[in-house]
Amino acid sequence: MKPLVITAALVGAETTREQTPYLPITPEEIALEAKRCRDAGASIVHLHVREPDGRPSQSAALFRETIERIRDLAPDLICQTSTGGAVGMDVDERAQPLTLEGRARPDMATLSTGTVNFGDEVFWNPLPLVRDLARRMRAAGIAPEIECFDVGMIDTALLLAKEGLVDLPVHFDFVLGVPGALAAKRSAIEYLASEIPEGSTFTVAGVGRHQLPMAEISIELGGHVRVGLEDNIYLSKGVLAKGSYELVARAVELAAGKRRIAEPDEARRLLRIS
Ligand code: KMH
Ligand code: ZN
């Protein structure tokens with residue numbers, strides 16, 4: 001059976017403790033949640049961090065503490081840091097996790113390749129900013145995951161490859177169902193998957209109630225999956241997930257008989273992460 005890489009998006013920038021008491025906030029809470037997700041079948045954790053009061057942050061110090069704690073508890077997990085941060089952050093703020101070295105250096109980081117409506121707000125990614133982040137990732141030797149919230153973002157990734165800022169093949173994440181961006185539907189995944197360059201890989205992150213249905217379609221179509229409280233807080237209608245680990249466990253169930261779950265070392269090879 002073809003291996004399935006599961007990413008757990010543990011925190012995000014938008015989910016609040018008011019929405020769910022299970023959202024991890026401190027580095028210790030995030031690391032414990034990462035370990036639970038690793039045990040449930042995740043090989044990658046997508047990381048944001050929060051200030052002690054819950055505000056979204058891209059603080060290098062908070063990322064350092066979080067990643068070091070994760071490496072203590074789950075040494076083989078692939079740590080993928082956000083460079084999107086929260087809407088309204090500037091590029092230097094967003095790029096802070098890319099400066100980390102030693103044990104705290106992330107294995108991978110997100111690279112959103114276009115500006116997009118994000119609910120009532122705008123997630124601002126003009127080309128000079130995207131190039132700047134791509135250059136910083138390249139200089140740090142950190143593998144990008146191309147975040148596509150809309151179809152043209154694949155084309156922009158190809159432009160960056162032409163400019164020598166991104167190596168092909170590359171790993172994509174199709175984020176589907178953000179209000180104002182590309183909707184979560186099977187035809188969107190089929191189209192996006194048909195557009196990525198030869199040898200590239202993709203993950204699908206469905207937002208809100210679309211998370212598990214989109215994961216199921218991606219499993220069927222040979223893609224990988226991202227689940228977790230960043231994108232969806234419910235295990236089923238009206239039932240809060242007690243953590244991202246429950247959503248990881250659900251993804252494992254969805255894959256039963258169709259895909260085998262990749263361990264982190266295999267995920268590293270599949271997604272070309274050094
Ligand atoms: N919080 C969103 C505005 C990423 O992690 O790179 C951006 C985001 C994408 O979450
Ligand atoms: Zn994120």
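Helices here are DSSP runs of H or I with at least four residues, strands are runs of E with at least two, and both are numbered from the N terminus. Helix α7 itself covers residues 211-221, and its buried residues are Gln 211, Leu 212, Met 214, Ala 215, Ile 217, Ser 218 and Ile 219. Buried means under 20% relative accessible area, exposed means over 50%, and partly exposed is in between, using a 1.4 Å probe and protein chains only.

Before going further, some ground rules. This is a predicted model in which local features need pLDDT of at least 70 and side-chain atom pairs count only at pLDDT 80 or more, while totals for chains, interfaces and linings use all residues. Residues are numbered from 1 along each chain as its sequence is written, chains are lettered from A and ligands numbered from 1 in the order in which they are written, and side-chain values use heavy atoms, with hydrogens and water left out.

Now for the metal. The zinc ion (ligand 2) is held at 2.1 Å by His 46 through NE2, His 48 through NE2 and Glu 230 through OE. Donors are N, O and S atoms within 2.8 Å of the metal (3.2 Å for Na, K and Ca), and since water is not among the atoms, sites may look incomplete. Along the sequence, the zinc donors follow the spacing H-x1-H-x181-E. His 48 sits in the loop between β3 (44-47) and β4 (49-50), and Glu 230 in the loop between β13 (224-227) and β14 (234-236), so this pair ties together parts that are 182 residues apart in sequence. His 48 counts as buried because its relative accessibility is 4%; Glu 230, at 14%, counts as buried too.

Glu 230 also turns up around ligand 1: of the 13 residues there, Glu 14, Ser 82, Gly 85, Thr 110 and Glu 230 come nearest. A residue is near a molecule or strand if one of its heavy atoms lies within 4 Å of it. For polar contacts, the pair must be N or O atoms within 3.5 Å; within protein, one must be able to donate a hydrogen and the other to accept it, and residues adjacent in sequence count only if both atoms are side-chain atoms. The side chain of Glu 14 has an N or O atom 2.8 Å from a nitrogen atom of ligand 1. Ser 82 puts a polar side-chain atom 2.7 Å from an oxygen atom of the ligand, whereas Gly 85 uses a polar backbone atom, 2.8 Å from a nitrogen atom of ligand 1.

Next, the strands. β6 (residues 78-81) points Ile 78 and Gln 80 one way and Cys 79 and Thr 81 the other, and all are buried. On pairing, DSSP must find at least two bridges between two strands. β3 and β6 pair in the parallel sense over four bridges, with Ile 78 in β6 as the bridge partner of Ile 44. Two bridges join β6 to β7 (residues 108-112), again running parallel, and there Gln 80 stands opposite Met 108.

What about the interior? In soluble globular proteins, nonpolar side chains tend to be buried together. A nonpolar core here is a set of buried Ala, Val, Leu, Ile, Met, Phe, Trp, Tyr and Cys residues joined through side-chain atoms within 4.5 Å. The largest has 41 residues, and Leu 111, Ile 146, Phe 149, Phe 172, Phe 174 and Leu 176 have the most contacts inside it. Helix α4 (residues 127-140) gives the most to this core, with five residues. Apart from it lies another core of 38 residues, among them Leu 4, Ile 25, Val 49 and Cys 79.

Asp 173, in strand β11, counts as buried because its relative accessibility is 0%. Leaving out residues up to four places away in sequence, Asp 173 touches several residues, including Glu 145, Glu 147 and Arg 226; touching, or contact, means heavy atoms within 4.5 Å. Glu 147 belongs to strand β10 (residues 143-148) and, at 4% relative accessibility, counts as buried.

Two backbone details to finish. The peptide bond from Leu 168 to Pro 169 is cis, with omega near -5°, and Pro 169 is in the loop between α5 (152-162) and β11 (171-176). Arg 272, in the segment after α9 (264-270), has a positive phi near 60° although it isn't glycine.
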